Amino acid sequence: MKSLKVLPLLFLALLCACLLTGCGKTENGETDAADDGMIYTASFTPVIWKGQEGLEPLALTEDGVYVSCYEKVSGTEEYRNNLYFVDRSGAYKPFIYDRMALPEDGDGRKDYSVDSYLQRLFVLPDGRLTLLETVYRSWSEGDGEDDMHWDSQYWIRVLDAEGKELSAAPLEFEQSEDNYLNTYGAVMDPQGRIWINSDQQVSVFAPDGSLAATVETEDWVNQLVSLSDGRVGGLSWGMDGIELMILDEGKNGASQRIGLEEYYTDLMRVREGA
């Protein structure tokens, strides 16, 4: 009998870290009181996970967290992303949703292969889900290693709360080896637009996939974060150390730079875009 895996569920701790401000740590590691005089503490709920692969947290809600798992398809050698919803008790269940329609090869190319990967998920205030996915294709034009070719395309899909696809559109972006998007670090703003960083630039995409704006950055942005007031910031290593850049469309750059003593990653908010 296979042993069950116990996965510490950290979404309540992340909830405190991302939604609350003014809360820091003292030298002995304890939590300071925030400006309102309250002290916030984290709680943890174990998740008894029966799968063989790890879970990747994607989006927090007031009731739990959406997670993904790249799992082997039964009876095949193929893998694919599966979604689960974990509630606050630690119980989880599969979230069944419409899979992305993959493009077929109409040219009869050798060793043609195509797959899609779910990279970000956002929960809208009305319960709809916005998925950011990448479609990878590869094929051969000969027998050597140098004859292998590939391309990829980013897609934005909107699902209803039950997982039925409402819309799907490619992002208005030309992918290349020197020009790509860091889709894993994408965030959503209150207008439902998706911000994604690339090489010293952040691209803002509308829900229909069109390019709504670009914001230049002097430094490479390692991760984007959605702030409580609706603005978007970028965490980076600047000339003066670790910084949080407040991105401004109107100025086409950073309106403010805030120095940080520590570097924070993988921050999530409840109801991004709310």
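1. Two strands, β5 (79-87) and β7 (110-123), each give at least two residues to the lining of the second largest pocket. β7 contributes the most, with 5 residues. Helices and strands here are DSSP runs numbered from the N terminus, helices being H or I with at least four residues and strands being E with at least two. The model is predicted, so local features need pLDDT of at least 70 and side-chain atom pairs count only at pLDDT 80 or more, while totals for chains, interfaces and linings use all residues. Residues are numbered from 1 along each chain as its sequence is written, and side-chain values use heavy atoms, with hydrogens and water left out.

2. The second largest pocket holds about 320 Å³ of space. Among the 16 residues that line this pocket, Tyr-79, Arg-80, Leu-102, Asp-115 and Ser-116 are the closest to its centre. A pocket is found on a 1 Å grid over the protein atoms alone: it is an open set of points with protein on both sides within 12 Å along at least five of seven lines, whereas a cavity is a set where a 1.4 Å probe fits but cannot get out; lining residues have an atom within 4 Å of a point. Grid points are joined across faces, edges and corners, and the volume is the space filled by probe spheres set on the points.

3. What classes of residue make up the lining of the second largest pocket? There are 7 nonpolar, 3 polar and 6 charged residues. Nonpolar covers Ala, Val, Leu, Ile, Met, Phe, Trp, Tyr, Cys and Pro; charged covers Asp, Glu, Lys and Arg; the others, Gly among them, are polar.

4. Strand β3 (residues 56-60) pairs with β4 in the antiparallel sense over 4 bridges. Strands count as paired if DSSP finds at least two bridges between them.

5. Leu-132 has Ile-156 of β9 as its bridge partner. β9 is also joined to strand β10 (residues 165-170) by 5 bridges, again antiparallel, and here Leu-159 is partnered by Glu-165 in β10. β9 and β10 form a hairpin with 5 residues between them, and Gly-163 in the turn has a positive phi of about 95 degrees.

6. The count of aromatic pairs is 10. In Tyr-66 and Phe-85 the ring centres are 4.9 Å apart and the planes lie at 65 degrees, so this pair is edge-to-face. The rule takes rings of Phe, Tyr and Trp (its six-membered ring) as paired if their centres lie within 6.5 Å, with planes under 30 degrees apart stacked, over 60 edge-to-face and the rest tilted. Tyr-66 is in strand β4 (residues 64-72) and Phe-85 in strand β5, 19 residues apart, and the pair links distant parts of the chain. Both residues, Tyr-66 and Phe-85, are buried; buried means under 20% relative accessible area, exposed over 50%, and partly exposed in between (1.4 Å probe, protein chains only). Ring pairs link Tyr-66, Phe-85, Phe-95 and Tyr-97 into a cluster.

7. Is the pair of Tyr-70 and Tyr-117 stacked, edge-to-face or tilted? The Tyr-70 and Tyr-117 pair is tilted, at 5.7 Å centre to centre with 35 degrees between the planes. Tyr-70 belongs to strand β4 and Tyr-117 to strand β7, so the pair ties together parts 47 residues apart in sequence. Tyr-70 is partly exposed at 30% relative accessible area, and Tyr-117 is partly exposed at 26%.

8. The charged end of Arg-109 sits over the ring of Trp-139, 4.2 Å from the ring centre. This label requires NZ of Lys or CZ of Arg within 6 Å of the ring centre and within 35 degrees of the ring normal.

9. An open sheet of 4 strands runs in the order β11-β12-β13-β14 with antiparallel pairing. Its edge strands, β11 (187-188) and β14 (211-216), each pair on one side only. β11 is joined to strand β12 (residues 194-198) by 2 bridges, and Val-187 has Trp-195 as its bridge partner in β12. Asn-197 also lies in β12 and is buried, with a relative accessible area of 0%.
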